[in-house]
Amino acid sequence: MALTLYVDTARWRAHHKHVQEQFPGLVPVCKGNGYGFGHERLAEEATRLGSDVLAVGTTYEAARIRDWFGGDLLVLTPYRRGEEPVPLPDRVIRSVSSIDGVYGLVGARVVIEVMSSMKRHGISEQELPQLHAAIENVRLEGFAIHLPLDRTDGSDAVEEVIGWMDRLRAARLPLHTMFVSHLKAEDLARLQQQFPQTRFRARIGTRLWLGDHEATEYRGAVLDVTPVAKGDRFGYRQQKAASDGFLVVVAGGTSHGVGLEAPKALHGVMPRAKGVARAGLATVNRNLSPFVWGGKQRWFAEPPHMQVSILFVPSDAPEPKVGEELVAHLRHTTTQFDRIVDR
């Protein structure tokens with residue numbers, strides 16, 4: 001009995017090909033928990049796509065995945081002096097976002113990140129004159145710019161990239177390759193047309209692996225079902241059942257990421273109102289689970305356990321049976337499955 005990730009493999013891979021066609025020179029990204037699929041699986045899928053470069057988050061991820069992917073590995077986290085050394089093959093390319101970082105990577109293959117409107121990390125315009133000397137002792141694979149997802153000020157992502165291309169060109173720095181993130185296919189085409197001598201390579205993770213929501217589905221197996229009457233005590237904290245129904249033990253707990261949720265940016269009155277309502281219910285131990293039964297998301301009977309969750313299903317709903325599976329609306333990037341099933 002398990003929390004299972006079901007994959008409509010043909011549909012999933014068809015989506016990969018569609019994205020690859022939209023973004024020539026695509027660099028797949030495999031970081032964190034492998035977008036819910038695991039590093040090994042995504043390395044295999046990147047190989048299937050014929051990718052020559054796979055982007056990973058950290059040097060530790062590069063060390064783990066190097067035996068699963070035969071091409072170049074681009075580490076997205078910038079190099080910093082004093083970081084723990086991790087043995088890596090020569091086909092690993094390091095990102096760097098400071099002049100000092102470039103000087104610290106003598107002989108290495110590097111991609112230099114420029115500071116975008118994200119303001120996360122990157123070389124500033126004022127530092128560009130210092131790059132000439134700094135890049136003499138590294139193997140420069142190109143520059144990179146990581147763009148924001150939302151542009152609430154109405155600015156244009158393409159214009160931001162063009163601005164940096166002009167600055168780099170004015171500084172007489174090599175512009176053979178520019179790695180970009182969070183651009184639309186038409187944006188990339190505009191840039192490629194305007195700068196035909198530069199190869200633009202889109203680093204894509206979420207849109208590639210998770211862009212077709214219908215291609216994947218999590219399901220948790222029902223392990224036990226116990227009828228309860230109103231007032232019956234149950235669980236670790238011996239709470240009382242609010243009404244007649246069933247306590248349903250389903251595979252999937254905190255070790256799988258069930259009950260864990262990354263903060264979300266809320267836009268508009270309605271989403272904020274719903275957030276306030278959920279917070280209010282949580283103060284009286286009413287928390288909606290990700291599991292669906294009888295067409296509705298069901299409430300946790302109590303906070304999820306390490307490997308299972310206990311749900312309350314009211315008596316007016318069908319009684320779940322041991323061995324049946326409940327669909328679970330889980331976020332891929334925070335979920336760890338027990339098994340993956342291709343179908």
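Predicted model: local features only at pLDDT ≥ 70, side-chain atom pairs only at ≥ 80, totals over all residues.
Trainee: Which residues line the largest cavity?
Mentor: A cavity is a set of points on a 1 Å grid over the protein atoms alone where a 1.4 Å probe fits but cannot get out, and a lining residue has an atom within 4 Å of a point. The count is one cavity of 30 Å³ or more. Its lining consists of E113, V114, S116, M118, R120, H121 and H146.

Trainee: What is the volume of the largest cavity?
Mentor: Grid points are joined across faces, edges and corners, and the volume is the space filled by probe spheres set on them. For the largest cavity, that gives about 40 Å³.

Trainee: Why does H146 count as buried?
Mentor: H146 sits in strand 7, residues 139-146 (strands are DSSP runs of E, at least two residues; helices are H or I, at least four; both numbered from the N terminus). Buried means under 20% relative accessible area with a 1.4 Å probe and protein chains only; exposed means over 50%, and partly exposed lies in between. H146 is buried because its relative accessibility is 16%.

Trainee: Which residues does H146 touch, not counting residues up to four places away in sequence?
Mentor: Contact means heavy atoms within 4.5 Å. H146 is among the residues lining the largest cavity. Beyond four places in sequence, H146 touches E113, S116, M118, R120, S181, H182 and R203.

Trainee: Which residues lie nearest the centre of the second largest pocket?
Mentor: A pocket is an open set with protein on both sides within 12 Å along at least five of seven lines. The second largest pocket holds about 970 Å³ of space. Its lining counts 33 residues. Nearest its centre are H146, L149, S181, H182 and T206.

Trainee: Which strand and helix each supply at least two residues of the lining of the second largest pocket?
Mentor: The lining of this pocket has eleven nonpolar, twelve polar and ten charged residues. At least two residues each come from strand 9 (199-204) and helix 8 (206-210).

Trainee: Why is S289 buried?
Mentor: S289 belongs to strand 14, residues 288-293. Setting aside residues up to four places away, S289 touches Q297, R298, W299, F300 and L311. S289 counts as buried because its relative accessible area is 0%.

Trainee: Which backbone oxygen does the side chain of S289 reach?
Mentor: A polar contact pairs N or O atoms within 3.5 Å, one able to donate a hydrogen and the other to accept it; residues adjacent in sequence count only if both atoms are side-chain atoms. The side chain of S289 reaches the backbone nitrogen of F291 at 3.1 Å. At 2.5 Å, it also reaches the backbone oxygen of R298.

Trainee: What separates the C-alpha atoms of A55 and I204?
Mentor: A55 lies in strand 3, residues 53-56. A55 is buried, at 0% relative accessibility. Outside four places in sequence, A55 contacts V27, P28, V29, C30, L74 and L76. A55 and I204 are 149 residues apart along the chain, yet their C-alpha atoms are separated by 8.8 Å.

Trainee: Is K119 buried or exposed?
Mentor: Most residues other than glycine have a negative phi. K119 has a positive phi of about 55°. K119 sits in the loop between strand 6 (109-113) and helix 5 (128-134). With a relative accessible area of 67%, K119 is exposed.

Trainee: Is Y35 buried or exposed?
Mentor: Y35 also has a positive phi, near 55°. Its place is the loop between strand 2 (27-28) and helix 2 (39-48). At a relative accessible area of 6%, Y35 is buried.

Trainee: What share of the contacts between residues at least 6 apart in sequence join residues at least 24 apart?
Mentor: The protein has nine helices and 18 strands. Of its 343 residues, 48% are buried. Its C-alpha atoms fill a box of roughly 75 × 45 × 40 Å along the principal axes. The share of those contacts is 66%.

Key. Residues numbered from 1 in each chain as written. Heavy atoms only, no water. Nonpolar A, V, L, I, M, F, W, Y, C, P; charged D, E, K, R; others polar.
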